[in-house]
Amino acid sequence: MGPVISLRDAVSLAGRFPLLAGVTLDVAEGEVVHLRGPNGAGKSSLLRLCAGLVPIASGTAFVLGHDLRADRQSVRREVGLLGHASFLYDDLSVERNVRFAVRAARADLRGVDEALDRLGLGGRLRSTLVGSLSAGQRRRAALAVVVARRARRWLLDEPHAGLDAMGRTAVDELVRAASASGTTVVLASHELDRAGRLADRVVAVAGGRVVAAAEPSAPGVTAGPATPGAEGDDARQIAPSGEAEEDGRDVA
Amino acid sequence: MWRDALLVAGKDLRIEARSKVGLGQVVPFALVVVLLFGLALGPAAGRGSVLSLAAPGLYWVAVLLATVLAVQRSFAIEALDGASDGLKLSGLDPAGIFVGKAAAVCGQLLALEVVLAGAVALLYDRHLAGGLLLVASCLAATVGLVSVGTIYGVVSSGSRQRETLLPLLFFPMVAPILLAATKAWDAALAGTPGRGTGWLDVLAVFAVAYLAMGTVAFGPLLEDA
Amino acid sequence: MNGYVEAGYVVGLGTLAGYAASLVARERSARRRLAGGGVRQVAAPSASESPAPGGEPSTVERPASPAAAPPPRHRR
Amino acid sequence: MSLTTTPTGPGRPGSEVPPAQLTALDAARGSGVGSVPGREGARRRRSGHDVAITATGALALAGVVATVWLGLWVTPPDRFMGNLVRLLYIHPSIAWVMYICYGVAFLASLLYLWPRTRSLRFDKLAGASSEVGVVFTGLTLVTGSIWGRPTWGVWWTWDPLLTTTALLFVLYLGYLAVRRIPGEPEVCARRSAIAALVAFVDVPICYFSVLWWRSLHQAPTVADPITGKTYIHGSMAWTLLLSFVTFTLVYAWLVARRYRLFVLAEREGDEGLVLAIEERRAESLQGRS
């Protein structure tokens, strides 16, 4: 089987603004890839492109063998995207939200309970309206959708953002377990240490392009100062697009 | 597609049941419109007054106004917190989404029409005769209205000026519905349903045409929203 | 004649003339903008081609706000 | 990474964007105008277009002058309508152009939606034609109203044709509003094309429902000025024919100019895009030194 994701000079536009200015990237089956880069580098857009949400303007992009220029629909059912927005309905309970997503994706409803439990959303939270959840709980609910849909490819955009220590650990465990069972994971994160430990490979993104790729242990990529502040932050703080910004543009 | 439509309609109706925007805001709004017509067109001085004569037309104008609100609400749900991206990601059949959303709005509107009909009969002093034609024209007209509304709802949901754009697009389109539904009700209330059946055909043609159009066009339109 | 005829001709042809004139004016201003844009065109890349040494910020750096910011001369 | 290896674009000194990429973008846009290598060729082609447009404009202008002269001074007054018949050389031809406008917009939208003929050229044509169409629809209503006042004694009547035309006017105003929703060119084009089709389907439904509505009321029908009431002399017929040709030419000229405006706006956007991609890439150079 070929690569799960295969991009060549992919350009994506939002109106006249280039979100991606020519990305070349391959992700193999079962790999865990960590995207890093400053705010506005194009990490989220890259994930959204791979999820079939953002159209491609030039270059080529194949995800799971589907040509994204011709067909963005078929990709969507097979990937699970955790975006900045939670894709949840405020006026539905957590369980209803997850059930809706699972049934929409034609996945097995038995995965719902397991996913909710693994993300600590069992019990009382289960029947709580999403609108009354805290930001962190909302994030977990969104993750629960990705897990419950049993997509074999995960695209996680800042999965740690806004979570408390337990939540972060839960995310790490989820990714490890998923990876162990052969799931391909691409995650964008500012938590270099945490994400770096999870990843098989680190890809640096800047200016809408991939600027460097290396093994996480390779010198030069992780050489930048690990930002200690990111770990110690108040975990309840809402940091959707990375208020915990890494200051050093330590790419290559 | 039908499975997806059921799923989406169930979801939308469940959200409505929780939030009660339709019941708490759209129905009262329509009642206010009915009252305002009463104020504008003078007190009903028995049969033959302007209000009583114009009752069918006023009723349908009130329904049209309420439809815009209901459709806007239907897409406001999806616009909240990136849910319209979620709809795209969900892998649901776009035609199913269209039918489901339209069906949910349709159900809400039909309930509203019942309430509104009672209000019109009461306030405008018009006896609701010719039940079958009334119900049939309501059904056909509502399907047409909601189909057009849902098509344009998704078109305008991509725009920042969606609140103003939707009525501009919607009202000229449904002028034939307003005409035909008013005429059908006129005939039914006047006790000459034979004159109204032709108008029912117009409503049915419109409903079928735009329902079909929506199922085809919704996919590409959702992509662009 | 009776006024209506003249009014019809004046309104009809006058509106068309006005619309035509507005098209011509808009085209002229668009061309002027394009000619002005050409100058920027040449200037901007030359700045980006030689990245300023020693971490000195380049002149073409965009403001940090990403997708929301429209490109400079976006008109539609 | 590939930044260091990309060749410099031939048409633009110092351009960092690979030409292949740009031409791909241009191909997607459906027009070679504004592409980097085809710049000179485009200019030459455009000058050919310019001549044609100018010629059309000159002919249209001459036609308008001739129509006005023939219509106001040469042709005789009508037996029944008197001098009012002179509006015959303005109103029907404007209404005729209105139908051309929407017909062309509809066809162009269809051609855009048809995958084999998908090209932004058709989107621009549909946009140009419908905008001109809205102008002509407004004029049809106004000139019709001016004609109606002395003829029927009212500025407006709920005649099927009139009512449908008024609905057309608002319908296509809405369509123009849809066209102004910002977005990528392809996205806007597809959305607009669908909106045009939806609107176009509504026109016959409107017409027939209003027709039926009126006939039920047995309203005084408006006589078609061309048939029945009016007897057309030789010079009148020729002037009428001339007016149709003239206004069609006026239409052609207006659409061509409007279309060119779209092309210019698009090129402006594309140049902005080239610049934006360069700037975006420059971001990735920051801190690499």
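1. Two strands pair if DSSP finds at least two bridges between them. In this predicted model, strand β1 (residues 5–14) and strand β4 (residues 58–63) of chain A are joined by five bridges and run antiparallel.

2. Strands of a sheet pair through backbone hydrogen bonds, either parallel or antiparallel.

3. As for chain A overall, eight helices and 10 strands are assigned. Of its 252 residues, 60% count as buried. Contacts between residues at least 6 apart in sequence were also classified: 69% of those in chain A join residues at least 24 apart.

4. Strand β3(A) pairs in parallel with two strands. Four bridges join β3(A) to strand β8 (residues 184–188) of chain A, and four bridges join β3(A) to strand β9 (residues 201–206) of chain A. A:His34 illustrates both pairings: its bridge partner in β8(A) is A:Leu187, while in β9(A) it stands opposite A:Val202.

5. How many of the residues of β3(A) are buried? Five of its five residues are, and the strand is described as mostly covered. The side chains divide by direction: A:Val32, A:His34 and A:Arg36 point one way, A:Val33 and A:Leu35 point the other way, and all are buried.

6. Is A:Glu31 buried or exposed? Its relative accessibility is 16%, and buried means under 20% relative accessible area, so A:Glu31 counts as buried.

7. The side chain of A:Glu31 has two polar neighbours worth checking in the coordinates. One of its polar atoms lies 2.7 Å from the backbone nitrogen of A:Ala28. A polar contact of 2.7 Å also joins the side chain of A:Glu31 to that of A:Arg201. Leaving aside neighbours within four places in sequence, A:Glu31 is in contact with A:Asp26, A:Thr183, A:Thr184, A:Val185, A:Asp200 and A:Arg201.

8. Over all chains, the structure holds 14 aromatic pairs. One of them is B:Tyr59 with B:Trp185: the ring centres are 4.2 Å apart and the planes are at 20°, so the pair is stacked. It links distant parts of the chain, with B:Tyr59 in helix α3 (residues 50–79) and B:Trp185 in helix α8 (residues 175–189) of chain B, 126 residues apart. Both partners are shielded: B:Tyr59 is buried with a relative accessible area of 0%, and B:Trp185 counts as buried at 3%.

9. The rings of D:Tyr207 and D:Phe208 give another geometry. Their centres are 5.4 Å apart and their planes at 80°, so the pair is edge-to-face. D:Tyr207 is partly exposed, with a relative accessible area of 27%, whereas D:Phe208 is exposed, at 53%.

10. Ring pairs also link B:Tyr59, B:Trp60 and B:Trp185 into a cluster. In chain B, B:Lys101 lies over the face of B:Phe75, at 5.6 Å from the ring centre. In chain D, the charged end of D:Arg258 sits over the ring of D:Phe262, 4.1 Å from its centre.

11. Helix α7 (residues 162–173) of chain B has 12 residues and should span 16 Å at 1.5 Å a residue; its end C-alpha atoms are 17 Å apart, which agrees. The buried residues in α7(B) include B:Leu165, B:Leu166, B:Leu169, B:Phe170, B:Pro172 and B:Met173. An α-helix has 3.6 residues a turn, so residues three or four places apart point the same way.

12. Helix α5 (residues 160–179) of chain D has 20 residues and should span 28 Å; its end C-alpha atoms are 28 Å apart, which agrees. Of the 20 residues of α5(D), 15 are buried, so this helix is largely enclosed by the rest of the structure.

Methods. Residues are numbered from 1 along each chain as its sequence is written. Chains are lettered from A and ligands numbered from 1 in the order in which they are written. This is a predicted model: local features need pLDDT of at least 70, side-chain atom pairs count only at pLDDT 80 or more; totals for chains, interfaces and linings use all residues. Side-chain values use heavy atoms; hydrogens and water are left out. Buried means under 20% relative accessible area, exposed over 50%, partly exposed in between (1.4 Å probe, protein chains only). A polar contact is a pair of N or O atoms within 3.5 Å; within protein, one must be able to donate a hydrogen and the other to accept it, and residues adjacent in sequence count only if both atoms are side-chain atoms. Contact means heavy atoms within 4.5 Å. The expected span of a helix is 1.5 Å times one less than its number of residues. Rings of Phe, Tyr and Trp (its six-membered ring) pair if their centres lie within 6.5 Å; planes under 30 degrees apart count as stacked, over 60 as edge-to-face and the rest as tilted. A charge sits over a ring if NZ of Lys or CZ of Arg is within 6 Å of the ring centre and within 35 degrees of the ring normal.
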